[in-house]
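This report walks through a single protein chain for a reader who is meeting it here. Please keep the sequence and the 3D view open while reading.

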Amino acid sequence: MLTVNQSSVCLAALLVGMALGGAMARDRAWGGEPRLNQIQVIGTHNSYRLAPLPPIQKLIAAARKRDAEALDYEHLPLAEQFTRLGVRQIELDLYADPEGGLFASPSALKMIRGKGKEPGPPFDEAGLLKKPGLKVLHIPDIDYRTTVPTFLIALRQIRDWSQAHRDHAPILVLVELKDESIPALPTRPISFGAAELDAVDAEIRSVFTPLELLTPDRLRGRHSSLVEAIRVGGWPRLDACRGLVFFALDNEGAIRDRYLDGHPSLRGRVMFATVDSGDPAAAWFKINDPVAHFDRILQLVRSGYLVRTRADADTRQARTGDVTMRDKAFASGAQFISTDYPVPDPRFPSYSVRFGGGIVVRSNPVTGDPAWKGVDLERKPRPGPVKPGP
């Protein structure tokens, strides 16, 4: 039985879907450029992350083997993910550090050094973690290795790559704001209050110009809400938003609510956010489990919303070769499929998450035109004549 909240979500999604059905049918009939919600791309989870160094991995395994296994993955630098792997969605975990230095001395590293050992290359040799600003890492003290130690470095790498590849499909940057303390670890993260949330937007705007971003305000335009903008105008066509980057807030609950406070329908904000589908700010949804929530993802996608889901978690699927979650993610129509394995890990060669034929951007299996099947919508023009749409 559906709860009252679930019923309202389904009803709202159904109403929007009915309104959008005609527009989607016209798009297919025109044979024109797909809209942003009519594509599907591969993304990476914790895209900045490097696996713990062996001595620290052993410390984690000694406490709990399953935790060590869940953390035993890593990713290429961001630009290599974009270029070599065709990744078009990444995820960054951010910690507030307004004074600098909060994450500059990981306790696990100090513990290993206290035994007279140096576990790896010099840590933060440039002193970047001692400077004020948002930091990018997974878990303080134990899982701190990253290809981009600060948010600004990550943003600049994304923008540099985007500027060098101006025809790329829009890149979604999923941002998780972390402020929870772990009792067993000494570092106490700083809470994300109003000032810290404003700082996230400010750092993004310090790197990207308004013309380089797809923001809630840009999508909304003159409409009263994001829901209305999607219902009436739809998402922009792919050609209209090539070279753009957009951001979405991973968090729900208190941090999400504080981000929305004073910004109805996300007015003035940089990032999209997951809310109930009847909320004026509804446009994008994070739904991690495509098996348990397959029908919900399918309904939201059919209703014109963007959805990010996951193909795997905690290295489980790679270790067993189980593709159930991956295949459900693909079939759900979620536009962004996040994985830790855009290419196989040599230890688990039977598992990866990618499209056949080297395709970077494919037609969405739920909302896309079947005529686009097998076409890389980023690299190749759609075959045949193209009739203009609105």
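## An aromatic cluster and other ring contacts

In this predicted model, one aromatic cluster is formed by Trp-235, Phe-246, Phe-272 and Phe-336. Counted by ring pairs, the aromatic residues give 10 pairs. Among them is the pair of Phe-82 and Trp-161, which is tilted, with the ring centres 5.0 Å apart and an angle of 50° between the planes. Phe-82 belongs to helix H4 (residues 78-84) and Trp-161 to helix H6, so this pair ties together parts of the chain that are 79 residues apart in sequence. Phe-82 is buried, with a relative accessible area of 1%, and Trp-161 likewise counts as buried, at 6% relative accessibility.

Arg-269 lies over the face of Tyr-259, at 4.1 Å from the centre of the ring. The charged end of Arg-362 sits over the ring of Phe-330, at 5.1 Å from the ring centre.

## The chain as a whole

The protein chain holds 13 helices and 10 strands. Of its 390 residues, 54% are buried. When contacts between residues at least 6 apart in sequence are considered, 73% of them join residues that are at least 24 apart.

## Helices H2 and H5

Two packed helices are described by the angle between their axes and the distance between the axes. For helix H2 (residues 54-63) and helix H5 (residues 107-114), the angle is about 105° and the axes are 10 Å apart. Angles of 65 to 115 degrees count as roughly perpendicular, and H2 and H5 are therefore roughly perpendicular to each other. On the side of H2 the contact is made by Pro-55, Ile-56 and Leu-59, and on the side of H5 by Ala-108, Leu-109, Met-111 and Ile-112. Sorted by type, the residues of this contact are seven nonpolar, no polar and no charged.

Within H5, the residues Ser-107, Ala-108, Leu-109 and Ile-112 are buried, and the buried residues of H5 pack against H2. Just after H5, the backbone at Gly-116 takes a positive phi of about 80°.

Which residues does Gln-57 contact, once its neighbours within four places in sequence are left aside? This residue lies in helix H2, and at 15% relative accessibility Gln-57 counts as buried, because buried means under 20%. With those neighbours left aside, Gln-57 is in contact with Pro-52, Ala-68 and Asp-72.

One of these partners, Ala-68, is found in helix H3 (residues 65-70). Ala-68 is buried, with a relative accessible area of 5%, and, not counting residues up to four places away in sequence, Ala-68 touches Gln-57, Ile-60 and Ala-61. The C-alpha atoms of Ala-68 and Asp-314 are separated by 9.5 Å, although these two residues are 246 residues apart along the chain.

## Gln-81 in helix H4

Helix H4 also carries Gln-81, which is buried, with a relative accessible area of 0%. Leaving aside neighbours within four places in sequence, the contacts of Gln-81 are Thr-44, Ser-47, His-75, Leu-76, Gly-86, Val-87 and Ile-90. Gln-81 and Ser-47 are 34 residues apart in sequence, while their C-alpha atoms are 8.7 Å apart in space.

## Two loop residues with positive phi

Where in the chain does Asp-124 lie? Asp-124 is placed in the loop between H5 and strand S3 (135-136), and its phi is positive, about 50°, although the residue is not a glycine. At 17% relative accessibility, Asp-124 counts as buried.

Asp-141 is found in the loop between S3 and helix H6 (151-164). The phi of Asp-141 is near 80°, which is again a positive value in a residue other than glycine. Is Asp-141 buried or exposed? With a relative accessible area of 3%, Asp-141 is buried.

How values were computed: Residues are numbered from 1 along each chain as its sequence is written. This is a predicted model: local features need pLDDT of at least 70, side-chain atom pairs count only at pLDDT 80 or more; totals for chains, interfaces and linings use all residues. Side-chain values use heavy atoms; hydrogens and water are left out. Axes are lines fitted to C-alpha atoms, for helices over the stretch in contact, and angles run from 0 to 180 degrees between N-to-C directions. Helices (H or I, at least four residues) and strands (E, at least two) are DSSP runs, numbered from the N terminus. Angles under 35 degrees count as roughly parallel, over 145 as roughly antiparallel, 65 to 115 as roughly perpendicular and the rest as oblique. Contact means heavy atoms within 4.5 Å. Ala, Val, Leu, Ile, Met, Phe, Trp, Tyr, Cys and Pro count as nonpolar, Asp, Glu, Lys and Arg as charged, and the others, Gly among them, as polar. Buried means under 20% relative accessible area, exposed over 50%, partly exposed in between (1.4 Å probe, protein chains only). Rings of Phe, Tyr and Trp (its six-membered ring) pair if their centres lie within 6.5 Å; planes under 30 degrees apart count as stacked, over 60 as edge-to-face and the rest as tilted. A charge sits over a ring if NZ of Lys or CZ of Arg is within 6 Å of the ring centre and within 35 degrees of the ring normal.
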